[in-house]
Amino acid sequence: MPDETAISSVYAQIGDEGFKRLVGAFYRQVPGDDVLGPLYPADDLEGAEHRLCSFLIFRFGGPDRYLHERGHPQLRMRHAPFAVDQIARDRWMVLMNRALDEAQLPATATVIMRPFLEEVATFLINRGARPAIIS
Ligand code: HEM
């Protein structure tokens, strides 16, 4: 996991605009995805896009609008209703890695974001076998 100083430097590098590009590129792939499509609310994808975007902005050192809108992130609790197994986790990263490539953010930012997202995605697995690092 990158250290906190690195993590909180990302917002200054890419701003709201960079996060919107990234999360937009991620959510464009969701409806057509056979694994993730059925998990997300088809009638509120825009809302889902906004929630992820606002969380990432907060977590990577930007304004804490997410906290005002949603309260404490409690990501494991918020993902409990969704079956996140290893397959869903890996697919989430495939879509996110494509989004990171498509958004063409500076390499100094993606080198911090990619491992952070990988690690949180693993932490959110809540069904089936869990990797040894969190068992
Ligand atoms: C491991 C694979 C993952 C799956 C299958 C998954 C799935 C979902 C689903 C179905 C939702 C509900 C959409 C909505 O209505 O907001 C959601 C919400 C959310 N996810 Fe994930 N997610 C994954 C990983 C992640 C990761 C890695 C992060 C953060 C780095 C994340 C952050 C969030 C946030 C912030 C919300 C909105 C929470 C709220 O305020 O209600 N998710 N996720």
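Which exposed residues does the face of α6 turned away from its buried side carry? Ile87 and Asp101. Exposed means over 50% relative accessible area, buried under 20% (1.4 Å probe, protein chains only).

Before going on, note that this is a predicted model, where local features need pLDDT of at least 70, side-chain atom pairs count only at pLDDT 80 or more, and totals for chains, interfaces and linings use all residues. Residues are numbered from 1 along each chain as its sequence is written, and side-chain values use heavy atoms, leaving out hydrogens and water.

**Stop 1: α6**

Select 86-103, which is α6. Helices here are DSSP runs (H or I, at least four residues), numbered from the N terminus. The 18 residues of α6 should span 26 Å at 1.5 Å a residue, and its end C-alpha atoms, 25 Å apart, agree. The expected span is 1.5 Å times one less than the number of residues.

Now colour the buried residues of α6, among them Trp92, Met93, Met96 and Leu100. Look down the axis: the buried residues fall within an arc of 165 degrees, so they line one face of the helix. The arc is taken from the directions from the helix axis to the C-beta atoms.

Show α2 (10-29), α3 and α7 next; the buried residues of α6 pack against them. Contact means heavy atoms within 4.5 Å.

Step just past α6 to glutamine 104, which takes a positive phi of about 50 degrees.

Notes:
Helix = DSSP H or I, 4+ residues; strand = E, 2+ residues; numbered from the N terminus.
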